[in-house]
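My notes follow in the order I made them.

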Amino acid sequence: MSRRFALIDLGTNTFHLLIVELDADGGQQILYKTKVPVKLGEGGISKGEITPAARERGLKTLTEFKEIMDQHGVETVKATATSALRNASNGAEVVAAIKEHTGINVEVISGAREAELIFKGVQLAMEVGPKPVMVMDIGGGSIEFIIGTDKGILWKKSFEIGAQRLLDKFYPEQEQAIKPEQVKALRHYLQDHLQKLTSAVLQHQPEVLIGSSGTFDTLVDMDLAPQGITRDPNGSPDMSLALATFHRQYKELLQKTRPERLAIPGMLAMRVDMIVVACVAIDWVLEKYNLEKIRVSAYALKEGMLAELLQG
């Protein structure tokens, strides 16, 4: 007897929907997958609220998700919300409105739980290996760092310094190229706010950075596009990005205005601003912790939810 599940990740920037069919033998088939740039945190995240416009965008997207789930005969829905709803003063009211309009029950999860699910998603995407690695997941509201091995998590923490927050704070004029002093201020901010990560790195000594989904997917797409290659959405979720490639992309992104960034082959409109501050954070992490390699996992939180379903 097969069952159909929908997994929804209500991120600060992007809402994701994954519909899977699991059969009695533990086999799985992905029936449908989409992501929508809802920008739930836009205009309000730095004030600790969801704006009326963002709330409407969220409800509209989830109403569409509900129609898609009905068309696919979904029996069970698991929906999780992260940083934007976790920290919004009106988060509970938005969750109630979602239930009222769509019938979807949303669970607002802690940063620690978010980090745990992300690591499970990464483990589903790739062989992590016996040596400690650092996983970095850059969301709109928070950035999760997890240090782990193929045996599991050694250390994890969610920091409320996501890309939408960093944009609001350090790079409000996104039409122009980011200024060197803005980059410098952002790097100082990371130095101050990631001291607990620095201690964990000293303890566990990871040498590889695994970037999970989001910005990292787009960097891979930007690397492949000039070669005329489009990443297969059903291809291997285990990808790599050469350090030299990242450094070249980073340098280029720092110098470009918004229209110039939009023109980069492989760039997504939904990432065009956040990718700048996200790359400042990636560059800082690579340099600060002497990481020697970047691997990219196309899987993140929603696939972590799937991993738990498969185990259960």
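Entry 1, a loop residue. This is a predicted model. I started at Asn 13 and listed its contacts beyond four places in sequence: Val 36, Pro 37, Val 38, Lys 39, Gly 140, Met 270, Arg 271 and Met 274. Asn 13 sits in the loop that joins strand S1 (3-10) to strand S2 (15-22). Is Asn 13 buried or exposed? Its relative accessibility is 5%, below the 20% cut-off, so Asn 13 counts as buried.

I looked up the largest nonpolar core and found 78 residues in it, with Met 136 and Phe 145 having the most contacts inside. Helix H11 (residues 274-288) supplies the largest share of this core, twelve residues. Another core lies apart from it; this one has 28 residues, including Ile 45, Leu 62, Leu 85 and Val 106. In soluble globular proteins, nonpolar side chains tend to be buried together.

I then listed what Met 136 touches, leaving out residues up to four places away in sequence. The contacts are Ile 143, Glu 144, Phe 145, Leu 209, Ile 210, Gly 211, Ser 212, Phe 216, Ala 281, Ile 282 and Val 285.

I checked its length: H11 has 15 residues and spans 21 Å from first C-alpha to last, close to the 21 Å expected at 1.5 Å a residue. I also checked burial. Of the 15 residues of H11, 13 are buried, so the helix is largely enclosed by the rest of the structure. After H11 comes Asn 290, which has a positive phi, near 50°.

I found Phe 170 in helix H5 (residues 163-170). Its relative accessible area is 12%, so Phe 170 is buried. What does Phe 170 contact, beyond its neighbours within four places in sequence? I noted Gln 182, Ala 185, Leu 186 and Tyr 189. Phe 170 and Ala 185 are 15 residues apart in sequence, and their C-alpha atoms are 7.4 Å apart.

I read a volume of about 570 Å³ for the largest pocket. It is lined by 26 residues, and those closest to its centre are Lys 33, Lys 35, Asp 217, Arg 231 and Pro 233. Strand S3 (28-36), helix H8 (215-224) and helix H12 (301-311) each give at least two residues to this lining, and S3 gives the largest share, four residues. By class I have nine nonpolar, nine polar and eight charged residues in the pocket lining.

How many cavities of 30 Å³ or more does the structure hold? I found two. The largest cavity has a volume of about 380 Å³. Of its 27 lining residues, Asp 9, His 16, Asp 137, Ile 138 and Gly 139 are the closest to its centre. Helix H4 (111-125), strand S6 (133-138), H11 and H12 each give two or more residues to this lining. Its classes are seven nonpolar, 14 polar and six charged.

The second largest cavity is about 40 Å³ in volume. I listed its lining as Leu 10, Phe 15, Leu 40, Arg 55, Gly 58, Leu 59, Leu 62, Leu 85, Val 94 and Ile 98. H1 gives the most to this lining, four residues. By class the lining has eight nonpolar residues, one polar and one charged.

Methods: Residues are numbered from 1 along each chain as its sequence is written. This is a predicted model: local features need pLDDT of at least 70, side-chain atom pairs count only at pLDDT 80 or more; totals for chains, interfaces and linings use all residues. Side-chain values use heavy atoms; hydrogens and water are left out. A nonpolar core is a set of buried Ala, Val, Leu, Ile, Met, Phe, Trp, Tyr and Cys residues joined through side-chain atoms within 4.5 Å. Buried means under 20% relative accessible area, exposed over 50%, partly exposed in between (1.4 Å probe, protein chains only). Contact means heavy atoms within 4.5 Å. The expected span of a helix is 1.5 Å times one less than its number of residues. On a 1 Å grid over the protein atoms alone, a cavity is a set of points where a 1.4 Å probe fits but cannot get out, and a pocket is an open set with protein on both sides within 12 Å along at least five of seven lines; lining residues have an atom within 4 Å of a point. Grid points are joined across faces, edges and corners, and a volume is the space filled by probe spheres set on the points. Ala, Val, Leu, Ile, Met, Phe, Trp, Tyr, Cys and Pro count as nonpolar, Asp, Glu, Lys and Arg as charged, and the others, Gly among them, as polar.
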